[in-house]
Every structure is written in structure tokens, then in C-alpha cells.
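Here are my notes on one helix pair and on the salt bridges. Please read them alongside the model.

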Amino acid sequence: MESYSMLKDLAIILIAAKFFGILARKCKAPQVVGEIIAGLLIGPSVLGVVQQSDFIIQMAEIGVIILMFSAGLETDLKELIKTGPIACLIALCGVFVPLACGTVLYMMFYGFAPWGDERFYKAVFIGTILTATSVSITVETLKELGKLKGKVGTTIMSAAIIDDVIGIIVLTFVIGFKSPESAPMQVVMNTVLFFVFAIGVGVIFYHIFRRMDKKYPHTRRIPIISLAFCFVMAYVAERYFGIADITGAYVAGLVLCSIQDSNYIARKMDINSYMLFGPLFFASIGLKTDISSMNMSILLFAVGFVAVGLLSKVIGCGLIARGCRFSWPDSLKIGVGMMTRGEVALIVSQKGLSVGLMEPVYFTAVILLIMVSSIATPIVLKLLYTKYPEAGVVRGPSID
């Protein structure tokens with residue numbers, strides 16, 4: 001009968017994740033934070049009601065693949081192209097500055113290491129976690145202020161999309177370089193070959209899905225076959241190119257984001273994520289978080305991680321925005337709007353844990369960064385728009 005204990009674990013995880021998710025939302029924090037805390041409380045570190053198992057790990061892996069597929073589906077390629085080089089420059093600095101600062105932070109705590117050393121890759125991975133931007137909180141704040149479609153709002157949205165794409169590519173390189181049998185040129189070659197393959201396959205499947213979409217609009221076969229395509233791309237990426245499976249899933253979403261029924265597919269994926277796979281994934285992070293290993297060094301690192309995570313985005317994105325002729329207030333708004341972290345940071349962290357680039361105890365720092373950035377961003381943005389109400393109409397570079 002022990003084989004049925006997984007059903008008990010599923011029931012406990014879903015109820016606890018939902019309860020704490022609602023509680024977090026009432027406290028103006030992201031729901032995922034509550035789900036992570038639920039996993040922490042019911043896991044081995046606190047109550048020990050649910051233990052980590054192969055079943056939960058595999059279900060969580062499916063959850064993260066679906067999440068990345070949904071992120072790709074929700075990407076607006078037309079808006080991405082429309083905003084052009086300005087958003088791309090802001091995104092590049094929004095990746096490079098946190099990557100460098102996070103790497104240096106880890107080395108300051110645990111020692112500087114040369115290229116090829118295990119500590120060097122762990123340091124770079126900590127920087128990689130800081131590259132991702134989650135703008136869901138920013139979007140809600142800008143909607144409330146009526147500024148979402150403005151110059152600043154559009155720039156933040158487009159830069160965040162590019163930011164995530166670059167962050168996933170960086171993750172792919174870091175994981176590839178860490179592998180002992182990999183050579184730098186081989187990693188580069190595999191990455192390039194995968195994206196060449198993805199473009200070729202993407203063009204073919206885009207036309208196939210567009211035809212299916214016209215013939216069978218809003219039918220369940222579309223999201224079912226789309227999900228199968230997502231799993232195939234994730235498998236091919238990991239199995240044949242040595243690329244993270246989440247990269248393949250994200251690319252699958254990008255391929256389908258422009259077909260007519262992309263929103264319909266995204267809604268069906270959201271149901272899967274909301275009902276089962278999302279709570280399982282985020283709760284599994286709590287289950288893996290090891291607070292028993294917390295000490296003063298880890299606590300100080302977590303504080304530094306949060307500070308570097310917030311400031312590096314504001315400085316990196318804000319300064320390049322100013323260099324692109326945005327006003328100082330608008331540049332600061334862009335920097336603050338880009339400093340939120342969320343699901344992608346957790347996904348990257350989860351991947352690092354699975355390949356041995358991060359210890360479970362560091363999840364605490366990542367969760368703390370998500371909580372602080374999610375609470376601080378709307379407050380600071382509202383203060384900036386209150387203090388500089390006319391800044392949004394100052395002419396800057398055209399993004400049309």
C-alpha cells in the first residue's frame with residue numbers, strides 16, 4: 001500500500017500550496033511565494049509531513065517545462081521587433097551587470113577561483129540566477145497607474161522579454177561548460193546548432209500549426225498536439241544537443257506564439273499549471289530548501305544577494321536607458337521596473353540544483369529576493385510616478 005502514499009502527498013501539497021498561495025496574495029506578495037513556503041513547512045526541514053520522492057521530482061520537472069512553454073507562448077514577437085535596439089541594449093545590460101555582480105558576490109564570500117574550477121562555475125551560476133526579470137508585478141502596477149502602454153511601460157515589457165531569452169541562453173552555456181567532458185567550442189557549437197535546428201523546425205511546425213488552426217480553430221486537439229511538440233523539443237534539446245530541456249520548451253512556445261490560437265493554447269496550459277503542475281513545482285522548491293544548514297555566513301550572503309539583485313538591475317538598465325536619451329526619472333522607472341524576480345529565477349535555480357551547480361540552502365536567498373523585489377517594486381514605482389508625474393511625457397527615443 002506504500003505505493004499509494006504519493007496520492008496522500010499530492011493532496012497535502014495541493015491543499016497547503018493553495019492555502020499559503022491565497023495568504024501570500026492577501027499580503028500583496030506573489031502567490032508563488034506562498035506555494036514555496038508551503039513546501040518548506042510541510043517538507044523535511046520543518047514538519048516532515050511530505051518527503052521528497054522521485055515521483056514529486058519528475059512531476060515538478062514536467063511543471064517547469066510547462067511553465068517555460070507558457071512563457072514562450074505569451075511572448076509578443078511583433079512587439080519585440082517593434083521596440084528594436086533600445087530594448088535590446090537595456091536587456092543586454094540588465095543581464096550582464098547582474099551576472100557580473102552576482103559572480104563577484106559569490107567569490108567574495110567563498111573565494112576567487114580560476115576558469116575551469118568548480119567554484120568558478122558555481123559563482124557564475126549565482127550570477128545567472130540574477131539575470132532573469134519577472135514583470136508580472138510591474139505590469140499590474142503600471143496598469144493601475146494607466147502607464148502600461150506608455151513609452152516606459154512598453155520598453156520595460158520588451159526589455160524583459162529579451163532579458164529572459166538572453167538569460168536562458170546564458171544558462172545553457174553555463175551548464176554546458178560545467179560538464180567535465182565538454183569543451184568550450186563544443187558547447188558553443190552545440191548551442192548554435194540547436195538554435196539553427198530550432199529555427200528550421202520552428203518554421204515548418206509554425207506553418208503546420210497555422211494550417212491546423214485554420215481548419216480546426218478552438219478545438220482541444222490544438223493544445224494537446226502543442227503540448228506534445230513542447231515535450232519533443234525539450235527532449236531533443238537535452239538528449240541530442242546537451243541543452244537544458246527548459247530551453248527547448250521555451251523555444252516551442254516561441255514557435256507557436258504567433259498563431260491565431262496561441263492565447264487559447266496558453267489558457268489550456270495555465271489550467272494544467274494552476275491545478276497541478278505549478279503548485280507541485282513551487283512546493284517542491286520548498287521541499288528541497290534546506291534551512292537546517294543556515295548559518296551566519298549564508299544569512300549574510302542572502303542579504304548581499306538581495307541587495308546586489310535589486311541594485312544591479314536598477315543600475316544596469318537605468319544607466320543604459322539614460323544613455324538612450326530617456327530622462328533621468330524615466331530611466332529610474334525602467335531600472336526599478338526591471339528589478340522584480342519570479343518564476344524564471346526559480347526555474348534557473350531548480351536547474352542548477354539538478355546539475356550540481358547550487359546547494360539547496362541557497363534557495364532561501366532566491367526566495368528572499370523574490371519576496372523583497374515583489375514588494376518593493378510597486379511601492380517605488382508608485383512613488384516615482386507620484387513625484388515625477390510629467391516624466392512619462394518627456395520626449396525620448398522613438399520605439400515605434
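1. Helix 12 (residues 296–323) packs against helix 15 (residues 363–387), their axes coming within 9 Å and crossing at roughly 45°. So helix 12 is oblique to helix 15. Oblique here is whatever remains after roughly parallel (under 35 degrees), roughly antiparallel (over 145) and roughly perpendicular (65 to 115). Axes are lines fitted to C-alpha atoms, for helices over the stretch in contact, with angles from 0 to 180 degrees between N-to-C directions. Helices are DSSP runs (H or I, at least four residues), numbered from the N terminus.

2. The crossing of helix 12 and helix 15 is right-handed (the near helix is turned clockwise from the far one by less than a right angle).

3. On the helix 12 side, the contact residues are Ala302, Phe305, Val306, Gly309 and Leu310. They meet Ala365, Val366, Leu368, Leu369, Val372 and Ser373 in helix 15. Contact means heavy atoms within 4.5 Å. By class, this contact of helix 12 with helix 15 has nine nonpolar, two polar and no charged residues. Ala, Val, Leu, Ile, Met, Phe, Trp, Tyr, Cys and Pro count as nonpolar, Asp, Glu, Lys and Arg as charged, and the others, Gly among them, as polar.

4. The model is predicted: local features need pLDDT of at least 70, side-chain atom pairs pLDDT 80 or more, while totals for chains, interfaces and linings use all residues. Numbering runs from 1 along each chain as its sequence is written, and side-chain values use heavy atoms, without hydrogens and water.

5. How many salt bridges are there? The count is four, taking a side-chain nitrogen of Lys or Arg within 4 Å of a carboxyl oxygen of Asp or Glu.

6. Glu238 pairs with Lys351 at 3.4 Å, N to O. Glu238 is in helix 9 (residues 221–240) and Lys351 in helix 14 (residues 343–354), so this bridge ties together parts 113 residues apart in sequence. Glu238 is partly exposed at 37% relative accessibility, whereas Lys351 is buried at 10%. Buried means under 20% relative accessible area, exposed over 50%, partly exposed in between (1.4 Å probe, protein chains only).

7. Lys351 also bridges to Asp245, at 3.2 Å, N to O. Asp245 belongs to helix 10 (residues 245–256), 106 residues from Lys351. Asp245 is buried, at 9%.

8. Asp330 and Lys333 form a salt bridge, with closest N and O atoms 3.6 Å apart. Both lie in helix 13 (residues 328–337), three residues apart, about one turn of the helix. Asp330 and Lys333 are both buried. Elsewhere, shared partners join Glu238, Asp245 and Lys351 into one salt-bridge network.

Definitions and conventions:
Helix = DSSP H or I, 4+ residues; strand = E, 2+ residues; numbered from the N terminus.
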